[in-house]
Amino acid sequence: MLLVVTYSKSARTSLRNACRAHEECVVRRFGRAALLEETGYGAFLALRLREKHPDDVQLERTEPFNEFRDVPAPVREAAVAYERRRDPNTPYAKFAVGTPHPTPSELERLSL
Amino acid sequence: MTLYGHVSVVAPGMPLDRQQALAAAARSLGGSASVDAELRTARAELTTLDEPVPGLADARRRVAETEAVLEEKRERVATLRGRLQESGEPGVAETYREEIRRLSEVETAHVAATEALEDARGRARRAWDARERRLRIEDRIDALERRAREELAAAIRPDVDEAVATTPGSEASSYEAADPVTAALALVRVGRVRPPIVLACRRFPDAPTAETWLGCPVHRL
């Protein structure tokens, strides 16, 4: 999908108007951002917004997230195990000690 | 805008932002709002934030172009490799070596373009962070201004409602229900206006009567 983020009041207003006028290509709208359909029309709207507000519109392309394809199993398992921890006050760094789960710095270094 | 800005020309059909004008009338009498200090701070913060966002279009175009050339070169090299394995002609071997060399040049150019785009994106992200802070402050200022207007308007409304009821030619009993001319005249009577205002309405028999009732100098049309 196409992610449109705005950084000024006028760009935010333009985005709101564009989304209202072209609901068919809006996947989701947030306060000052929106996800548009990945079609020529979605791109047309996004590019018009950037043309109008060059410095205040950021465009990105997003991909559906599939943790079974994109994320190594140890990361998935660590997330599940940590959310099921007994003591809600245990920080993750402490929780991971003495377990097969990756440490916070290992997680940071790991690129998907 | 000052009260004078709202009511400098009083004529039928005049535009009048009721809430803003009411707050301006309160300000003209030295009224203040509980959020005034906060507003000043927020406005001062705004002036310190401004960073241009680097243009990324050239860097993006360069990445797309080098990528297209790279694809083309890779296919060419693959084709030549196939021909070389089949025929083993010396001419093909020469062309193959030459194309390999070109491919490596194109690869280098593509890597450089990708890195340049990454750098530019990093700079843009920092500039957008600043713009995001700016937008938050602007939203906060809007909210504070609304709050200030509401407080100021509420403080002065009873006096203005009373003035509306006594305005010559008025049929309304409240500021909100009054026509723009009545509303403006009531604001002038209650608030403080120094420069002369222009009256293009038939509510007073002559200028001195108008000036006495309004408490400010007038030009009559």
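How exposed is Glu38(A), in terms of relative accessibility? Glu38(A) comes out at 40%, so it counts as partly exposed. Keep in mind that this is a predicted model.

- A trio stands out on the chain B side: Trp128(B), Arg131(B) and Leu135(B) supply 51% of the area that chain B buries against chain A, more than any other three residues.
- As for who takes part, the contact draws 10 residues from chain B and 12 residues from chain A.
- Six salt bridges run between chain B and chain A. One pairs Asp139(B) with Arg12(A), where the closest N and O atoms are 2.8 Å apart.
- Helix α5(B) gives the most to the side of chain B that touches chain A, namely eight residues.
- By type, that side of chain B splits into three nonpolar residues, no polar ones and seven charged ones.
- There are also six residue pairs in polar contact between chain B and chain A, counting pairs with both residues at pLDDT 80 or more.

**Salt bridges across the structure**

- Over all chains, a search of the whole structure turns up 27 salt bridges.
- Back to Glu38(A): its side chain meets that of Arg61(A) in a salt bridge, 2.7 Å from N to O. Glu38(A) sits in the loop between β3 (33-36) and α2 (40-52) of chain A and Arg61(A) in strand β4 (residues 57-61), so the pair ties together parts that are 23 residues apart in sequence.
- Arg61(A), at 65% relative accessibility, counts as exposed.
- Also in chain A, Arg69(A) and Asp70(A) join their side chains in a salt bridge of 2.8 Å, N to O. Arg69(A) is exposed, with a relative accessible area of 56%, while Asp70(A) is partly exposed at 24%.
- Over in chain B, Arg43(B) forms a salt bridge with Glu145(B), and the closest N and O atoms are 2.6 Å apart. This one links distant parts of the chain, with Arg43(B) in helix α3 (residues 36-47) and Glu145(B) in helix α5, 102 residues apart.

**Helix α7 of chain B**

- Helix α7 of chain B covers residues 207-214, and its buried residues are Ala210(B), Trp213(B) and Leu214(B). They span an arc of only 90° around the axis, which puts them on the same side of α7(B).
- What do those buried residues of α7(B) pack against? Their partners in chain B are α5 (90-166), α6 (180-190), β2 (197-199) and β3 (218-220).
- On the face of α7(B) turned away from the buried side, you'll find the exposed residues Pro208(B) and Thr212(B).
- Just after α7(B), Gly215(B) takes a positive phi of about 75°.

- His110(B) belongs to helix α5 of chain B. With a relative accessible area of 13%, His110(B) is buried, because the cut-off for buried is under 20%.
- Setting aside its neighbours within four places in sequence, His110(B) is in contact with Val63(B), Thr66(B), Glu67(B) and Leu70(B).

Technical notes. Residues numbered from 1 in each chain as written. Chains lettered and ligands numbered in written order. Predicted model: local features only at pLDDT ≥ 70, side-chain atom pairs only at ≥ 80, totals over all residues. Heavy atoms only, no water. Buried < 20%, exposed > 50% of the residue type's maximum accessible area, 1.4 Å probe, protein only. Helix = DSSP H or I, 4+ residues; strand = E, 2+ residues; numbered from the N terminus. Arc of directions from axis to C-beta. Contact = heavy atoms within 4.5 Å. Buried area = accessible area lost by both parts, 1.4 Å probe. Salt bridge = Lys/Arg side-chain N within 4 Å of Asp/Glu carboxyl O. Polar contact = N/O pair within 3.5 Å; in protein donor to acceptor, adjacent residues only side chain to side chain. Nonpolar A, V, L, I, M, F, W, Y, C, P; charged D, E, K, R; others polar.
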